[in-house]
Amino acid sequence: MLAAKLSTRAVMSASRSNAIRPMTRGLATPASDLHSKQVLDAIKNRRTHYAIKPESPISDQELATIVGEAVTHVPTAFNMQSSRAALILGDKNKQLWDALWKSNSESIPEQFRADARKKWDSAYFPSYGTVVFFEDEAVVADWVSKMPDFSKLFPEWSANGTGMLQMTVWAALSNHGLGASLQHFPQMKEANAVALREVLGTPENWVSTAVMPFGKAVAAPAERSYLPLEDRFQVIA
Ligand SMILES: Cc1cc2nc3c(=O)[nH]c(=O)nc-3n(C[C@H](O)[C@H](O)[C@H](O)COP(=O)(O)O)c2cc1C
């Protein structure tokens, strides 16, 4: 409703003012409620899935298109395009999770290892594939050197950029019935980051920000609680 009001207001002011016409040039069609609903439905349908199996309802080519389109179109600060991603499939995916288990489980105390293994056997090992997200630290460092006043902000913007990319890929995958989760093994432990780089052969300046194992969802996601919206969102006019 609010979106409908806002878009009506924007259209009305656009028709009154010549000044904003050039900005609207090139837009294919104005946003409609239907489009907003589709976008929001994709966001709502995205959930964390820890029970998956190694199948995909869509082809590897379609998976690659989803990740490639997301990398291309998700925004980054100053359009610095520091975000990177890799789609890991087939044998490489198996190698990746074997290597991560090896490097990660070493630090799990013996008495917790069996429980951890159960989770890995449900959520990570049976993945059809994994999207690995990175930020190119060389790109971020370059922007810091060009704009030193923003030296603290560029790393934040880089983190924001990869977060936007992760969310976009996650929502797009879930839209096809794929269950995924967001994991941070390479961020939690340097040995995991090294293991990941060894398996994937990615450049050193590609610093991993998250890994997203995905597969066909085999169980409903866990219940999720929501704080009252009025505590988290205001319309201020
Ligand atoms: C920035 C971020 C980091 C997260 N890190 C992890 C993680 O390391 N491991 C994990 O299992 N889930 C992780 N999650 C998933 C959240 O726990 C989950 O999204 C949240 O509890 C809401 O549940 P839902 O995804 O089913 O809606 C992360 C989510 C976000 C947004």
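Biologist: Happy to look at this one with you. What share of the 237 residues of the chain counts as buried?

Modeller: In this predicted model, 27% of the 237 residues count as buried. The chain holds eleven helices and five strands.

Biologist: What does Thr76 touch, leaving out residues up to four places away in sequence?

Modeller: Its contacts are Gln81, Ser82, Ser83 and Gly161. Gly161 lies 85 residues from Thr76 along the chain, yet their C-alpha atoms are separated by 5.2 Å.

Biologist: Phe78 and Asn79 next. What makes the phi of Phe78 worth a remark?

Modeller: Phi of Phe78 is near 55°, a positive value in a residue other than glycine. Asn79 also has a positive phi, of about 55°, and is not a glycine either. Phe78 lies in the loop between H4 and S2, and the place of Asn79 is in the loop between H4 and S2 as well.

Biologist: Why is Phe78 called partly exposed, and why is Asn79 called exposed?

Modeller: Exposed means 12 or fewer neighbours, buried means 20 or more, and partly exposed is in between. Phe78 has 13 C-beta neighbours inside 10 Å, so Phe78 counts as partly exposed. Asn79 has 7, so Asn79 counts as exposed.

Biologist: On to strand S5, where Thr209 is placed. How do you know that Thr209 is buried?

Modeller: The count for Thr209 is 22 C-beta neighbours inside 10 Å. Beyond four places in sequence, Thr209 is in contact with Phe133, Phe134, Glu135, Thr162 and Gln187. Thr209 and Ala193, 16 residues apart in sequence, are 9.8 Å apart from C-alpha to C-alpha.

Biologist: Which residues touch the most other members of the largest nonpolar core?

Modeller: They are Ala85, Val132, Val169 and Met212, out of 35 residues in that core. Elements giving two or more residues to this core include helix H4 (60-73), strand S2 (83-89), helix H8 (153-174) and strand S5 (206-217). The largest share, six residues, comes from S5. As for Val169, its contacts beyond four places in sequence are Ile66, Val67, Ala70, Val131 and Met212.

Biologist: How is the packing of H7 and H8 described?

Modeller: Two packed helices are described by the angle between their axes and the distance between the axes. Helix H7 (residues 137-146) and H8 pack at about 145°, and their axes are 9 Å apart. H7 passes H8 in a right-handed crossing.

Biologist: Which residues of H7 and H8 meet?

Modeller: From H7 come Val140, Trp143 and Val144, and they meet Phe154, Pro155 and Ser158 in H8. This contact has five nonpolar, one polar and no charged residues.

Biologist: Last stop, the ligand. Which residues surround the ligand?

Modeller: Arg47, Thr48, Ser181, Leu182, Gln183, His184, Pro221 and Arg224 do. By class, this shell has two nonpolar, four polar and two charged residues.

Biologist: And across the chain, what share of contacts between residues at least 6 apart in sequence joins residues at least 24 apart?

Modeller: That share is 84%.

Definitions and conventions. Residues numbered from 1 in each chain as written. Predicted model: local features only at pLDDT ≥ 70, side-chain atom pairs only at ≥ 80, totals over all residues. Core = buried A, V, L, I, M, F, W, Y, C linked by C-beta atoms within 7 Å. Helix = DSSP H or I, 4+ residues; strand = E, 2+ residues; numbered from the N terminus. Contact = placed C-beta atoms within 7 Å. Axes fitted to C-alpha atoms, helices over the stretch in contact; angles between N-to-C directions. Left-handed = near helix turned anticlockwise from the far one by under 90°. Nonpolar A, V, L, I, M, F, W, Y, C, P; charged D, E, K, R; others polar. Near = placed C-beta within 6 Å.
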